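Good morning, everyone, and thank you for making time for this. I would like to walk you through one structure slowly, so please have a look at it before I go on.

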Amino acid sequence: MFSSPHIPIRIFLLLSLTSFFPLVFFLGWELIIKNLVAGASWVNLVVLPVSSGLLTLILFEVFLGSGLRKPDPVQKKLAMNSPDRSYWYYARYKEDGVERVNSYGFVGPEPNPQIPEERVLIIGDSIPAAERYPRNFPTISQDEFNKEFHQEKKLEIINASIAAYSVEQIYLYYLEKLRGLPHNYLIFSFYLDDVNRNLRYRKNNRLYSPDWAEWQQDVYWQCYLCRRLLSLCNVSDHLFLNYRKKTYEEAFPEALRILEKTRLLAESRGAKFAVLNIPRFTWEGILPNVETYQYFEMNQALERWCLGKGVSCYDTLPLLIGKEISTMRRSRTDIHFTYLGHQVVGLALKDFLASLIWPDKTTTGPGELVSGR
């Protein structure tokens, strides 16, 4: 407990409670029980009850724990780590008996080794990856683009985004696992919450944080009773996974350096690099204008970087202005787009892609096209 990088107050409460009961027993022994059972053996009074209690818990965990657990929702999915455990990818992802993962480790059909006409590769986290089936904003954008421009171009969008990635993991995955995937355009889906997310890995198909001791996370995931007791103290996997060493502001310069490395790598592979900026839409109600966005300064910093590097960047923040945000995200705690949110961003992305393929075209939606090359 004390070797953990972060100790919440409820764990101190649990420690206090577990220390309180032996103290109460000791006081009871000294003041009452000792006189009543003078001459009784400590083995009968202390050792046997404690041992039987521990044995009961162990037997409960071994024989009943598995029966009390809910079915594992990820048993049909298998995640693999890179050799240095700096990122992961999928080796198996079955839905309705159908294998959804491809040889590149992301969910989607196997890409053709030859580019049909124009191919856009989108890399990012759970924002573009969420609701991959049936539809999300990359698939909506592809369908709408081909519906509108089918006589001019045939566009293929490959969504290689993987949930829970950090900015650095997005880059590392593109650097190594996606190096053999040909594409004309690379869209980096930039989400602020990813900039200070520490590298994580998978173990037994669970997400682990290297900032905590592995045995501590093993205790949480592998011991049903331990997890139930910790849950009573409001301890969940978020405690492990959401621990961050830096604030957004502190981590932002490094995120821009990672974007620069991604840009250079994409251009070395013959692809045009662009950024799709997704705001952290955690506000309540309606945001009246972009200046009231909590992270507006970092939004501007990203735009300045794109202008300085000649990188086309589409800011989706204006798309959310004046709209009730509760209709655009799943819940107050689940900050992912609803289908309506995917529709709004997908239609705007369609126009942005048109401006990349035909630089003389401009976006028609309320989003902001920062720059183009």
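**Starting from one arginine**

Let me begin with Arg 329, which, once its neighbours within four places in sequence are set aside, is in contact with Phe 281, Thr 282, Trp 283, Glu 284, Asp 334, Ile 335, His 336, Phe 337 and Thr 338. Please keep in mind throughout that this is a predicted model. Is Arg 329 buried or exposed? Its relative accessible area is 2%, and because the cut-off for buried is under 20%, this arginine counts as buried.

Now let me step back to the chain as a whole. The protein chain has 12 helices and 11 strands, and of its 373 residues 47% are buried. If we take the contacts with a separation of 6 or more, 72% of them are between residues 24 or more positions apart. The chain exposes about 19,000 Å², and carbon and sulfur atoms supply 58% of that area.

Strand 5 covers residues 155–159, and four of its five residues are buried, so the rest of the structure largely encloses it.

Strand 9, residues 272–278, is also mostly covered, with six of its seven residues buried. Which strands does it pair with? Strand 6 pairs with strand 9 in the parallel sense over seven bridges, and Leu 186 has Phe 273 in strand 9 as its bridge partner. Strand 10, residues 312–315, pairs with strand 9 in the parallel sense over four bridges, and there Asn 277 stands opposite Asp 315 in strand 10.

Among the helices, I would like to pick out helix 5, residues 167–176, where seven of the 10 residues are buried. Those buried residues are Val 167, Gln 169, Ile 170, Tyr 171, Leu 172, Tyr 173 and Tyr 174. What covers the buried residues of helix 5? The cover includes strand 2, strand 4, strand 6 and helix 9.

That brings us to the aromatic rings, for which the count comes to 20 aromatic pairs. One of them joins Tyr 90 and Tyr 93, whose rings are 5.1 Å apart centre to centre with 85° between the planes, in an edge-to-face arrangement, and both of these tyrosines are buried. Another is formed by Phe 190 and Phe 252, with centres 6.0 Å apart and planes at 85°, so this pair is edge-to-face. Phe 190 lies in strand 6, residues 185–191, and Phe 252 in helix 9, residues 248–268, so the pair ties together parts that are 62 residues apart in sequence. Both of these phenylalanines are buried.

Ring pairs also link Tyr 87, Trp 88, Tyr 89, Tyr 165 and Tyr 173 into a cluster. Lys 177 lies over the face of Tyr 89, at 4.1 Å from the ring centre. Elsewhere in the list of such arrangements, the charged end of Arg 85 sits over the ring of Tyr 201, 3.8 Å from its centre.

I will finish with Phe 296, which has its place in helix 10, residues 296–309. Leaving out residues up to four places away in sequence, Phe 296 touches Val 290 and Glu 291. Phe 296 and Pro 279 are 17 residues apart in sequence, and their C-alpha atoms are 9.1 Å apart in space.

Key
Residues are numbered from 1 along each chain as its sequence is written. This is a predicted model: local features need pLDDT of at least 70, side-chain atom pairs count only at pLDDT 80 or more; totals for chains, interfaces and linings use all residues. Side-chain values use heavy atoms; hydrogens and water are left out. Helices (H or I, at least four residues) and strands (E, at least two) are DSSP runs, numbered from the N terminus. Buried means under 20% relative accessible area, exposed over 50%, partly exposed in between (1.4 Å probe, protein chains only). Contact means heavy atoms within 4.5 Å. Accessible areas come from the Shrake-Rupley method with a 1.4 Å probe; for residues, only the protein chains shown count as cover. Rings of Phe, Tyr and Trp (its six-membered ring) pair if their centres lie within 6.5 Å; planes under 30 degrees apart count as stacked, over 60 as edge-to-face and the rest as tilted. A charge sits over a ring if NZ of Lys or CZ of Arg is within 6 Å of the ring centre and within 35 degrees of the ring normal. Two strands pair if DSSP finds at least two bridges between them.
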